[in-house]
Amino acid sequence: MQLRIYIIFLSILMLGCSDDTTSQDEPSAEEDELLFTDISYEGNIKPIVQTNCIACHTDPPNNGASIPLTTYEAVKNAVESRDLIQKINSATNPMPPDGLMPKETRRIFDAWVTQGLKEN
């Protein structure tokens with residue numbers, strides 16, 4: 001009986017000491033692959049902008065949008081000078097205003113920035 005209690009105690013102790021350092025904010029293996037995939041405006045970012053942003057950020061902008069996001073240069077400028085990445089990641093005032101884009105989509109933008117904002 002004491003042996004059983006001892007084994008149960010050790011099992012609980014070992015489970016409690018397991019190394020569970022995975023955070024919800026850490027990228028999954030698929031997301032991590034983005035760092036090794038060529039991300040470009042034409043291939044990856046433009047379709048996201050057309051789906052999520054162009055309703056307001058057309059040329060001329062409407063629905064209260066301040067700038068158009070219709071070209072590579074406009075989106076690049078918005079990233080470099082207008083805090084676009086912070087805006088699409090803002091939990092309190094996200095762009096688009098109807099809610100955050102999926103995390104995977106936002107990570108594509110992050111990878112694009114990390115890789116140097118390539119056009120093609």
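Trainee: What should I know about the model before reading it?

Mentor: This is a predicted model in which local features need pLDDT of at least 70 and side-chain atom pairs count only at pLDDT 80 or more, while totals for chains, interfaces and linings use all residues. Residues are numbered from 1 along each chain as its sequence is written, and side-chain values use heavy atoms, with hydrogens and water left out.

Trainee: How is a pair of aromatic rings described?

Mentor: The description uses the distance of the centres and the angle of the planes. Rings of Phe, Tyr and Trp (its six-membered ring) pair if their centres lie within 6.5 Å; planes under 30 degrees apart count as stacked, over 60 as edge-to-face and the rest as tilted. A search of the whole structure finds four such pairs. In one of them, Tyr72 and Trp112 have ring centres 6.4 Å apart and planes at 75°, so this pair is edge-to-face.

Trainee: Which parts does the pair of Tyr72 and Trp112 tie together?

Mentor: Tyr72 belongs to helix α4 and Trp112 to helix α6, so the pair joins parts 40 residues apart in sequence. Helices here are DSSP runs (H or I, at least four residues), numbered from the N terminus.

Trainee: Is Trp112 buried or exposed?

Mentor: Buried means under 20% relative accessible area, exposed over 50%, and partly exposed in between (1.4 Å probe, protein chains only). Trp112, at 0%, is buried, and Tyr72, at 10%, is buried too.

Trainee: Which residues do the ring pairs link into a cluster?

Mentor: The cluster consists of Tyr41, Tyr72, Phe109 and Trp112.

Definitions and conventions. Helices (H or I, at least four residues) and strands (E, at least two) are DSSP runs, numbered from the N terminus.
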